[in-house]
Amino acid sequence: MVQLVGSLRKELADSLFSCKVLVVGAGGIGCELLKNLVLTGFKNIEVIDLDTIDVSNLNRQFLFQKKHVGKSKAQVAKESALQFCPSANITAYHDSIMNPDYNVEFFRKFMLVMNALDNRAARNHVNRMCLAADIPLIESGTAGYLGQVTVIKKGLTECYECQPKPSQKTFPGCTIRNTPSEPIHCIVWAKYLFNQLFGEEDADQEVSPDTADPEAAWNPEETAARATASEKDGDIKRVSTKEWARSTGYDPVKLFNKLFKDDIMYLLTMDKLWKKRKAPVPLDWQQLENSACPKEESPGSGLKDQQVLGVWDHCQLFQHSVETLRSLLQEKGDGAELVWDKDDPPAMDFVTAAANLRMHIFSMNMKSRFDVKSMAGNIIPAIATTNAVIAGLIVLQGLKILSGELESCQTIFLNKCPNLRKKLLVPCILDPPSANCYVCASKPEVTIKLNIHKTLVLSLQDKILKERFGMVAPDVQIEDGKGTILISSEEGETEGNNNKFLSDFGIRNGSRLQVDDFLQDYTLLVNVLHTEDLERDVEFEVVGDAPDKAPPPPSNQEEVNSITNGNKESAQPSTSSKAPENEDDIMIVDSDEEEGASSSSATTAITGTKRRHSDVETGEASIKRPRTDQSSAAPTEDDDDDDDDIIALD
């Protein structure tokens with residue numbers, strides 16, 4: 001006869017009492033998850049989160065109250081969860097999971113890791129740490145009414161990075177600066193402008209007209225005269241945007257006339273830009289002020305943030321926000337900088353006003369503050385119920401793992417609308433690891449196309465290895481027979497290499513680089529393909545996903561490069577033969593790409609193809625492969641890089 005402790009078998013209840021679990025994230029999903037864990041019987045829990053509590057969190061992160069605003073999420077979540085079960089042993093860390101202190105040995109002390117994260121970089125990192133430690137990971141995410149839970153186990157299932165995720169949408173600099181055609185272009189420009197005026201200046205975020213735009217090429221003899229005329233126009237000398245703004249005392253009217261009149265008039269001199277486009281129309285503060293009615297067009301009904309203001313109203317909002325931000329800078333003292341935050345009212349007002357004025361200049365329909373905030377912060381309104389459902393599913397998957405039934409775990413999708421079988425929850429069999437994954441394959445390898453004469457060592461480190469491939473502290477060795485160290489994670493060892501080009505070190509077409517991140521216990525072999533044909537503003541391209549697309553390695557290096565990440569014993573993939581009866585219950589779900597998909601529309605179920613969730617960070621739908629063999633192959637893992645803890649719009 002089976003002994004029960006509550007609703008659990010005694011053996012499972014004893015396992016919950018003794019096992020140690022790690023919860024990464026204490027936000028929307030994390031709060032629900034901690035509550036579920038202590039009420040289920042888990043006694044040894046560690047939770048980590050770097051964030052602090054904001055007022056906007058209180059509508060769904062129920063472990064927090066108004067008195068907790070500004071305090072550590074992890075610490076307050078621990079204190080609140082202990083009220084449900086005072087006998088639980090909860091350890092809270094107010095820290096980043098990517099801190100080197102949380103190494104492979106740290107992860108190995110847990111039987112189970114549960115992710116409740118809101119960004120791709122941290123998800124990638126935890127994925128690699130769990131692979132290296134050979135610990136099961138339960139990954140999760142929500143986006144509005146949509147949600148997903150899946151289980152990742154080395155050698156048994158796909159890892160988080162097995163399926164390519166769409167990269168965050170970026171735009172060419174000349175589009176942002178010269179020829180915006182969509183509201184998002186104007187919003188990105190306004191965010192850049194905020195940093196140029198009040199924050200940390202970045203040369204890659206310039207907002208002035210781009211004279212290097214090849215499409216704007218004009219008679220070279222006229223260039224100097226035009227540039228000189230523009231520099232003198234309105235007593236504006238084209239120095240740093242911030243220096244010039246300071247010299248005017250951040251005068252809102254002078255800023256307005258430079259940005260929305262002088263710079264636009266300068267753009268109009270680039271004749272070729274406007275042969276096939278509608279030319280922008282400059283704005284003049286004095287003219288707008290003189291022509292403004294005592295009360296411009298009355299806004300429509302609805303919440304204040306959802307009303308679209310008129311042009312003069314946005315001018316006044318621009319003036320007020322500049323004055324407020326100027327005061328904040330003065331309070332901080334000389335050399336101070338502000339950081340743009342979508343939840344900071346003056347910063348959000350500034351971006352809303354500047355973006356809408358630019359939209360008007362380029363003949364686009366202006367947007368409400370609500371819409372601008374949605375696009376500027378990639379926000380999808382968070383649904384507390386979705387978080388609760390997903391947190392419950394995480395615990396159910398955890399109970400299967402602790403019961404020794406890992407192969408019965410599934411990827412479970414939460415739909416916005418019932419499918420043809422009237423189900424909101426759709427389980428899918430877990431896919432085996434991808435042989436082409438550059439993280440969990442037995443010999444991770446990738447091919448990168450770049451210009452060796454123009455790519456700096458620093459760009460290789462920061463933009464390719466850290467940003468694109470999610471490494472934390474990479475070490476790079478050139479396979480040139482000498483073992484030349486190109487990049488060292490030890491501070492100061494190779495800093496002298498940073499501003500040198502790859503070609504300076506003998507790297508050429510077909511060169512191979514061995515990259516190690518000892519924190520992640522991760523090794524990647526990088527094959528270099530030299531090209532001079534990259535598109536403008538593109539520094540590199542990753543060539544496919546398959547290692548077989550790389551140049552063939554020298555035969556004498558084959559043994560040397562037999563690389564396996566993490567524990568070698570469990571590196572070989574195995575598959576589960578169990579498939580759910582309703583594995584065809586899969587829907588295609590698409591979202592509005594432009595606005596970050598604040599709502600999703602479900603379409604008719606399509607047999608044999610996994611639905612696509614919109615990626616919260618990019619606003620694009622994930623690309624999934626079709627299922628080819630219904631009897632054995634399973635749908636691929638959904639792109640769950642969804643912001644579980646998304647700021648709700650007021």
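**Chatting through a predicted model**

Mentor: Helices here are DSSP runs of H or I, at least four residues, and strands are runs of E, at least two, numbered from the N terminus. This is a predicted model, where local features need pLDDT of at least 70, side-chain atom pairs count only at pLDDT 80 or more, and totals for chains, interfaces and linings use all residues. Residues are numbered from 1 along each chain as its sequence is written, and side-chain values use heavy atoms, leaving out hydrogens and water.

Trainee: How many residues of α13 are buried?

Mentor: 15 of its 17, so α13 is mostly covered; buried means under 20% relative accessible area, with a 1.4 Å probe and protein chains only.

Trainee: Which residues have the most contacts inside the largest nonpolar core?

Mentor: Trp 189, Phe 198, Phe 256, Phe 260, Phe 318 and Phe 350, in a core of 55 residues. Such a core is a set of buried Ala, Val, Leu, Ile, Met, Phe, Trp, Tyr and Cys residues joined through side-chain atoms within 4.5 Å. Among the helices that each supply at least two of its residues are α7 (183–198) and α13 (345–361).

Trainee: New topic: what's the strand order in the open sheet?

Mentor: β5-β4-β3-β6-β7-β8-β9-β10, eight strands with mixed pairing. Two strands pair if DSSP finds at least two bridges between them.

Trainee: Which strands stand at the edges?

Mentor: β5 (89–93) and β10 (425–429); each has a single partner strand, so one side of each lacks a neighbour in the sheet.

Trainee: How many bridges join β4 to β5?

Mentor: Five, and the two run parallel. Ile 45 stands opposite Ile 90 in β5.

Note on methods:
Buried means under 20% relative accessible area, exposed over 50%, partly exposed in between (1.4 Å probe, protein chains only).
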